[in-house]
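Subject: Structure handover

Hi,

Here is the structure I promised to pass on. My notes follow below it.

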Amino acid sequence: MSVEPSNPVPLRASDADREAVVAELQEAAADGRIDLDELGARLEVALAARTHVELAPLTADLLPAMPPAQPLVLKGGFAGAVREGVWRVPERISAYGGLGGAKIDFTRVECRLRVVEIEVDGQTGGVEVVVPDGWVVEMGELDPGLAGLRNRTTAEKLPGTPLIRLTGTCGMGGVTVRHPKRGERRKLLRESR
């Protein structure tokens with residue numbers, strides 16, 4: 001008959017354990033789940049921790065970060081394709097205009113990514129990208145194809161907004177990048193009430 005100890009000995013934390021907690025805290029601060037003062041205080045405790053018991057409370061109140069969304073592939077086909085409304089933005093999007101065109105509307109999304117890569121192929125129907133005010137679209141690597149690019153956005157980036165990086169070709173249908181039109185803005189305002 002063995003006697004179980006009433007107070008088990010806390011397991012020692014390794015450098016890898018401490019580094020994992022530090023990485024999780026830094027990610028939480030980057031996402032805005034904790035502020036910088038709290039990050040500093042928790043990092044100090046994490047780096048000095050000797051056991052798992054000391055590390056556990058540092059991340060216990062943090063929701064896990066959302067896993068990245070799967071890449072989005074939008075194919076216009078004959079009838080066209082639209083991605084709009086509230087949706088989770090992945091880091092990579094591929095949009096093919098087909099005959100009916102493809103439209104990607106970012107006006108109702110909440111995006112915490114720093115950069116969103118969109119590979120376009122305008123084909124015959126073209127690709128339309130609608131971004132909120134304050135979002136910047138980088139198009140330096142986009143091939144204008146036959147129809148070219150129509151950029152109707154401003155170049156002023158607001159803090160905390162992602163950079164949209166367009167690559168690929170405009171094809172025969174072209175690529176249009178714009179902010180919401182007046183009617184779309186009214187609709188967004190009505191929906192937000």
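**Leu 166 and its surroundings**

Leu 166 has contacts with Ile 118, Val 120, Val 137, Glu 138, Met 139, Glu 141, Leu 142, Val 175 and Val 177, once neighbours within four places in sequence are set aside. Bear in mind that this is a predicted model. Leu 166 sits in strand S9, which spans residues 163-169. Its relative accessibility is 0%, so Leu 166 counts as buried; the cut-off is under 20%. Asp 37 is another matter. In sequence, 129 residues separate Leu 166 from Asp 37. In space, their C-alpha atoms are 37 Å apart.

**Overall layout**

The protein has 10 strands and 4 helices. Starting at the N terminus, the order is α-α-α-β-β-β-β-β-β-β-β-β-β-α. The radius of gyration is 24 Å, well over the 16 Å from the globule rule for 193 residues, so the protein is more spread out than a compact globule. Along the principal axes, the C-alpha atoms fill a box of roughly 80 × 35 × 30 Å.

Of the 193 residues, 39% are buried. Take the contacts with a separation of 6 or more: 66% of them join residues 24 or more positions apart.

Now the surface and the charges. The protein exposes about 12,100 Å², and 54% of that comes from carbon and sulfur atoms. There are 25 positive and 28 negative charges. Their mean positions lie 10 Å apart.

**Strand S4**

What lies on each side of strand S4? Ala 102 and Ile 104 are on one side, Lys 103 and Asp 105 on the other. These four residues are all buried, and both faces of S4 (residues 102-105) are covered. As background, side chains in a regular strand alternate between the two faces of the sheet.

S4 pairs with two strands listed here:

- Strand S2 (residues 81-83) pairs with S4 in the parallel sense over 3 bridges. Arg 83 stands opposite Ile 104 in S4.
- Strand S6 (residues 127-130) pairs with S4 in the parallel sense over 4 bridges. Glu 128 in S6 is the bridge partner of Lys 103.

**Thr 59 in the helices**

Thr 59 belongs to helix H3, residues 52-59. Is Thr 59 buried or exposed? At 16% relative accessibility, Thr 59 counts as buried. Leaving out residues up to four places away in sequence, Thr 59 touches Val 21, Glu 24 and Leu 25.

Best regards

Methods. Residues numbered from 1 in each chain as written. Predicted model: local features only at pLDDT ≥ 70, side-chain atom pairs only at ≥ 80, totals over all residues. Heavy atoms only, no water. Rg over C-alpha atoms; globule rule 2.2 N^0.38 Å. Buried < 20%, exposed > 50% of the residue type's maximum accessible area, 1.4 Å probe, protein only. Contact = heavy atoms within 4.5 Å. Areas by Shrake-Rupley, 256 points an atom, 1.4 Å probe, with all protein chains shown as cover. Lys, Arg positive; Asp, Glu negative; His and termini not counted. Charge placed at Lys NZ, Arg CZ, Asp CG, Glu CD. Pairing = 2+ DSSP bridges.
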